[in-house]
Amino acid sequence: MRAAVLEAFGAPMPIRELTLRAPAAHEVLVRTVAAPFCSTDWLGWRAMRGKTPPVVLGHTALGVVERCDGRGYEHGARGYDYGVGDLVVVAGTPQCDECFYCGVGRPDQCALLFESPEPVLATDHAGRPVRAAGRVGAYAEFVVADRSQVWRVDSSLPATQLSLLGCGITTGHGAIVNVAEVGPGSSVAVVGLGHLGQWCVQAARVAGAGRIIGVDPLAERRATAAALGATDVVDPTEHDPIEQVRSLTGGRGADAVVEAAGPEQAVQQAVAMSRRAGTVVLTGVQWAQGTVSLPQNAIAIHGRRILSCQNGQSVMSRDLARCVALMESGEYDARPVVTAEYTLDQVNEALYASGEFRDLSGVITAFR
Ligand SMILES: [Zn+2]
Ligand SMILES: [Zn+2]
């Protein structure tokens with residue numbers, strides 16, 4: 001099969017013909033239909049996320065089941081209700097239903113993802129094992145995924161849009177609904193209007209937030225956020241963004257702030273933009289070993305809740321169907337977020353467009 005292989009950090013990824021590993025009994029073979037290029041993969045390509053080449057990047061995919069071990073059986077809290085020929089999302093976060101974290105309702109920390117090495121997907125022409133990033137490796141013709149990462153999608157929306165369900169949509173939805181618990185009339189600031197920030201804006205609108213403030217230095221991204229539900233947008237390069245958010249929220253700061261940018265300065269700004277006893281949700285990542293320093297008084301004395309989330313603390317067996325329903329009803333609109341389509345041969349164009357902030361989500365849709 002053809003795959004884009006990260007062989008050397010920071011160098012263009014060549015398309016290689018790989019020998020795919022046969023799926024085990026607990027795995028599913030999926031033919032990739034659409035794979036969004038995610039900013040996390042840009043970081044992985046730059047050696048910031050602890051990947052080990054050769055590796056196929058891409059931590060979520062939409063595809064069609066080619067082979068799996070039966071259909072309709074129950075395991076743990078979920079059923080595996082997909083079979084050959086079904087359209088499925090291969091999510092970057094599994095829900096194994098067997099580990100401690102799945103047992104306490106936190107599959108976002110599933111042991112399968114964080115306590116086992118990224119699996120070998122294939123071998124290259126020299127017989128070297130090639131791993132699958134995020135247990136998916138979506139920039140390839142086929143994906144071999146654990147059954148607990150695979151979810152049937154019943155929707156006729158375009159594949160480009162549905163492919164965002166395994167990363168951006170569920171993460172943004174979850175950051176607002178599951179973690180920040182945004183309620184009607186509240187004020188929300190979103191720091192960073194990349195693909196994740198745009199989903200946070202939409203989720204805040206659907207949750208009934210009264211004031212939704214999008215913060216980003218890029219005018220195009222602020223315009224998209226305004227079209228998707230931001231009531232106000234702030235250019236942090238024009239004037240102190242903390243003061244701008246405070247002046248829009250009665251001088252207090254926002255009830256909830258979601259940080260979806262990554263740099264330490266953005267994290268610090270997010271905390272400073274929240275009101276006393278407000279909620280801050282940190283989602284951005286940069287270097288795997290990166291650190292952030294925060295003002296002690298703002299947290300210890302002024303009662304802010306500093307929260308974080310991986311995959312929006314989503315429970316996919318619950319949240320995926322909700323997100324699909326919101327897309328079907330038009331309340332979640334993926335069209336402005338899908339900013340380009342690429343073939344697998346154009347994967348490096350997608351890479352640079354992501355890293356240079358030209359794309360929100362560039363989706364790879366042709367693999368042969
Ligand atoms: Zn992602
Ligand atoms: Zn688990």
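Which residues make a nonpolar surface patch of about 310 Å²? Three of them: F100, Y101 and V104. Keep in mind that this is a predicted model.

Y101 sits in helix α2, which covers residues 100–103.

Which residues hold the zinc ion written as ligand 2? The protein donors are C96, C99, C102 and C110, each through its SG atom. They lie 2.4 Å from the zinc ion. Along the sequence, these donors follow the spacing C-x2-C-x2-C-x7-C. What do C96 and C110 tie together? C96 is in the loop between β9 (87–90) and α2, and C110 is in the loop between α2 and α3 (111–114), so the pair links parts that are 14 residues apart in sequence.

Now the geometry of ligand 2. The angles among the four donor atoms run from 102 to 119°. That site is tetrahedral. For comparison, the ideal angle for four tetrahedral donors is 109.5 degrees.

How covered are those cysteines? The cut-off for buried is under 20% relative accessible area. C96 comes in at 10%, so it counts as buried. C110 is at 0%, and it counts as buried too.

On to the other zinc ion, ligand 1. Which atoms coordinate it? They are SG of C38, NE2 of H59 and SG of C167. The distances are 2.0 to 2.2 Å. Here the spacing along the chain reads C-x20-H-x107-C. C38 lies in the loop between β4 (27–37) and α1 (39–45), while H59 lies in the loop between β5 (55–56) and β6 (61–67), so this pair ties together parts 21 residues apart in sequence. C38 is buried, at 5% relative accessible area. H59 is at 15%, and counts as buried as well.

What is the strand order? The order is β3-β10-β11-β5, in an open sheet of four strands with mixed pairing. The edges are β3 (19–20) and β5. Each edge strand has a single partner, so one side of each has no neighbour in the sheet.

Inside that sheet, β10 (residues 120–123) pairs with β11 (residues 129–132). The pairing is antiparallel, over three bridges. To find one on screen, go to A122: its bridge partner in β11 is V130.

Note on methods. Residues numbered from 1 in each chain as written. Chains lettered and ligands numbered in written order. Predicted model: local features only at pLDDT ≥ 70, side-chain atom pairs only at ≥ 80, totals over all residues. Heavy atoms only, no water. Donors = N, O, S within 2.8 Å, 3.2 Å for Na, K, Ca; no water. Helix = DSSP H or I, 4+ residues; strand = E, 2+ residues; numbered from the N terminus. Buried < 20%, exposed > 50% of the residue type's maximum accessible area, 1.4 Å probe, protein only. Patch = residues over 30% accessible without salt bridge, like charges linked within 9 Å, V, L, I, M, F, W, Y side chains within 5 Å. Areas by Shrake-Rupley, 256 points an atom, 1.4 Å probe, with all protein chains shown as cover. Salt bridge = Lys/Arg side-chain N within 4 Å of Asp/Glu carboxyl O. Tetrahedral: all angles 85-135°; square planar, octahedral: opposite > 155°, others 65-115°. Pairing = 2+ DSSP bridges.
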